[in-house]
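This briefing goes through one protein chain, topic by topic. Keep the structure in view while reading, and look up each residue as it is named.

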Amino acid sequence: MFSDESRFSLQSDSRRTFIWRTPGTRYHQENTIERHRYGGAGWLVWGGILGSRTDLHVQSVTMTGHIYRDIILEQHVRLFRGAMGAEFLFMDDNARPHRANIADECLQ
């Protein structure tokens with residue numbers, strides 16, 4: 001089973017500002033703008049592929065190791081593992097919540 005999630009912002013503006021600059025002036029004060037990542041509301045969408053697509057799981061909270069374990073691993077991945085038996089192989093990426101000790105313990 002391949003697993004991944006993406007965060008979608010509810011803001012309509014990407015807040016990107018494009019500027020043309022002279023080569024070698026990338027970090028000059030006039031060419032830098034302070035940005036706040038993931039400001040405002042958003043949704044986290046998780047899904048998996050296991051022969052075919054799983055249902056999407058949508059939540060409005062930030063993914064942490066505890067949430068990853070409690071919602072994704074325990075409620076979704078565990079059920080697929082039970083159905084597949086010893087043939088089951090789970091693959092996710094190295095996102096910080098996936099590598100949290102609490103998630104690793106659950107996977108063991």
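**Overall layout**

The protein contains two helices and four strands. Along the sequence these elements follow the pattern β-β-β-β-α-α. The model is predicted.

**The chain as a whole**

- The protein has 108 residues, of which 25% count as buried.
- The protein exposes about 8,600 Å², and carbon and sulfur atoms supply 51% of this area.
- Among contacts between residues at least 6 apart in sequence, 63% join residues at least 24 apart.

**The nonpolar core**

- The largest nonpolar core is made up of eleven residues. They are Met1, Leu44, Trp46, Met63, Tyr68, Ile72, Leu73, Val77, Phe88, Phe90 and Ala103.
- The elements that give two or more residues to this core are strand β2 (42-50) and helix α1 (65-84).
- Helix α1 gives the most to the core, with four residues.
- Leu73, one of the core residues, is in contact with Tyr68, Arg78, Phe90, Ala103, Cys106 and Leu107, leaving aside its neighbours within four places in sequence.

**The aromatic pair**

- A pair of aromatic rings is described by two values, the distance of the centres and the angle of the planes.
- How many aromatic pairs does the count come to? The count is one.
- Phe88 and Phe90 form this pair, with 6.4 Å from centre to centre and 10° between the planes.
- The pair counts as stacked because its angle of 10° falls under the cut-off of 30 degrees.
- Phe88 and Phe90 are both buried, and both belong to the largest nonpolar core.

**Leu44, a core residue in a strand**

- Leu44 lies in strand β2 and is one of the residues of the largest nonpolar core.
- Is Leu44 buried or exposed? Leu44 has a relative accessible area of 9%, so it counts as buried, the cut-off being under 20%.
- Leu44 and Arg7 are 37 residues apart along the chain, yet their C-alpha atoms are separated by 4.4 Å.
- Not counting residues up to four places away in sequence, Leu44 touches Glu5, Ser6, Arg7, His57, Val58, Gln59, Val61 and Met63.

**Val61, a loop residue**

- Val61 is found in the loop between β4 and α1.
- Val61 is partly exposed, with a relative accessible area of 42%.
- Val61 touches Leu44 and Ile67, not counting residues up to four places away in sequence.
- Val61 and Trp43 are 18 residues apart in sequence, and their C-alpha atoms are 7.1 Å apart in space.

**A nonpolar patch on the surface**

- Which residues form a nonpolar patch on the surface? They are Leu10, Trp43, Leu56 and Val58.
- Together these residues have about 410 Å² of accessible area.
- Val58 lies in strand β4, which covers residues 57-59.
- Val58 has a relative accessible area of 45%, so it counts as partly exposed.
- Val58 is also among the residues that Leu44 touches.

**Salt bridges**

- The structure holds four salt bridges, including the ones described here.
- Asp70 forms a salt bridge with Arg69, and their closest N and O atoms are 2.7 Å apart.
- Asp70 is partly exposed at 35% relative accessibility, and Arg69 is partly exposed at 23%.
- Arg99 forms a salt bridge with Asp92, and the closest N and O atoms are 3.2 Å apart.
- Arg99 also forms a salt bridge with Asp104, at 3.8 Å from N to O.
- Salt bridges that share partners join Asp92, Arg99 and Asp104 into one network.
- Arg99 is partly exposed, with a relative accessible area of 32%. Asp104 is partly exposed too, with a relative accessible area of 28%.

Technical notes. Residues are numbered from 1 along each chain as its sequence is written. This is a predicted model: local features need pLDDT of at least 70, side-chain atom pairs count only at pLDDT 80 or more; totals for chains, interfaces and linings use all residues. Side-chain values use heavy atoms; hydrogens and water are left out. Rings of Phe, Tyr and Trp (its six-membered ring) pair if their centres lie within 6.5 Å; planes under 30 degrees apart count as stacked, over 60 as edge-to-face and the rest as tilted. Buried means under 20% relative accessible area, exposed over 50%, partly exposed in between (1.4 Å probe, protein chains only). A nonpolar core is a set of buried Ala, Val, Leu, Ile, Met, Phe, Trp, Tyr and Cys residues joined through side-chain atoms within 4.5 Å. Contact means heavy atoms within 4.5 Å. Patches are made of residues with over 30% relative accessible area and no salt bridge: like charges are joined within 9 Å, nonpolar side chains (Val, Leu, Ile, Met, Phe, Trp, Tyr) within 5 Å. Accessible areas come from the Shrake-Rupley method with a 1.4 Å probe; for residues, only the protein chains shown count as cover. A salt bridge is a side-chain nitrogen of Lys or Arg within 4 Å of a carboxyl oxygen of Asp or Glu.
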